[in-house]
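I opened a new model today and kept notes as I went. I wanted the fold outline first, then the core.

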Amino acid sequence: MRFARSALSAAALTALALGTTTALAAPASAVPNTTPQKVCGSAYRTVNSAAIGSLGTVYLTYNASNGENCVVTIRNSPGAAVDMALWIEVPDTSERGEDYGRYTSYAGPAYVYGKGHCVDWGGGISNVHVQVHNSNCGARKEHRVTEVR
């Protein structure tokens, strides 16, 4: 215990001396217990998802009680902040939501009302992006595109 406390103190002092703002950050291998429901809300159920390469997943969720969709992008291995993004649009109404920035674990949420409408949505982590068009609208076939930029 004494060694662990000394090591943590030394790490904290070194980090402070170097001017970093997070002296004792969680290691990059520590995966937080993040789910789409924790980000969007417990009433939202996952209705679709798309892998963003091996980096993470963008989730489309839906709340049947209010007719809203929510999108969130979650990394597989949180760590240092990287570029992350998500977007959702209801083409019939032009309602749109988005989020982008540098995040350590997840981007989002973004909400749109989508009851009875097709939705277009997608997300990205670093240089890998996925787009899903004509999603969750019955007989229409959805179209997925994954790009590495």
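**Ground rules.** I am reading a predicted model, where local features need pLDDT of at least 70, side-chain atom pairs count only at pLDDT 80 or more, and totals for chains, interfaces and linings use all residues. Residues are numbered from 1 along each chain as its sequence is written, and side-chain values use heavy atoms, with hydrogens and water left out.

**Outline.** I found two helices and nine strands (DSSP runs: H or I of at least four residues, E of at least two, numbered from the N terminus). From the N terminus the order reads α-α-β-β-β-β-β-β-β-β-β. Of the 149 residues, 36% are buried (under 20% relative accessible area, 1.4 Å probe, protein chains only).

**Cores.** I looked up the largest nonpolar core and got 19 residues (buried Ala, Val, Leu, Ile, Met, Phe, Trp, Tyr and Cys joined through side-chain atoms within 4.5 Å). Ala50, Val71 and Trp121 are among those with the most contacts inside this core. Strands E1 (45–52), E2 (56–63), E4 (82–90), E6 (106–113), E7 (119–125) and E8 each supply at least two of its residues. E4 gives the most, with five. Another core lies apart, with six residues, including Val39 and Cys70.

**Val71.** Beyond four places in sequence, I see Val71 in contact (heavy atoms within 4.5 Å) with residues including Val58, Leu60, Ile88 and Trp121.

**His129.** Is His129 buried or exposed? His129 counts as buried because its relative accessibility is 17%. His129 sits in strand E8 (residues 128–135). Its contacts beyond four places include Gly123, Val145 and Arg149.

Methods. Buried means under 20% relative accessible area, exposed over 50%, partly exposed in between (1.4 Å probe, protein chains only).
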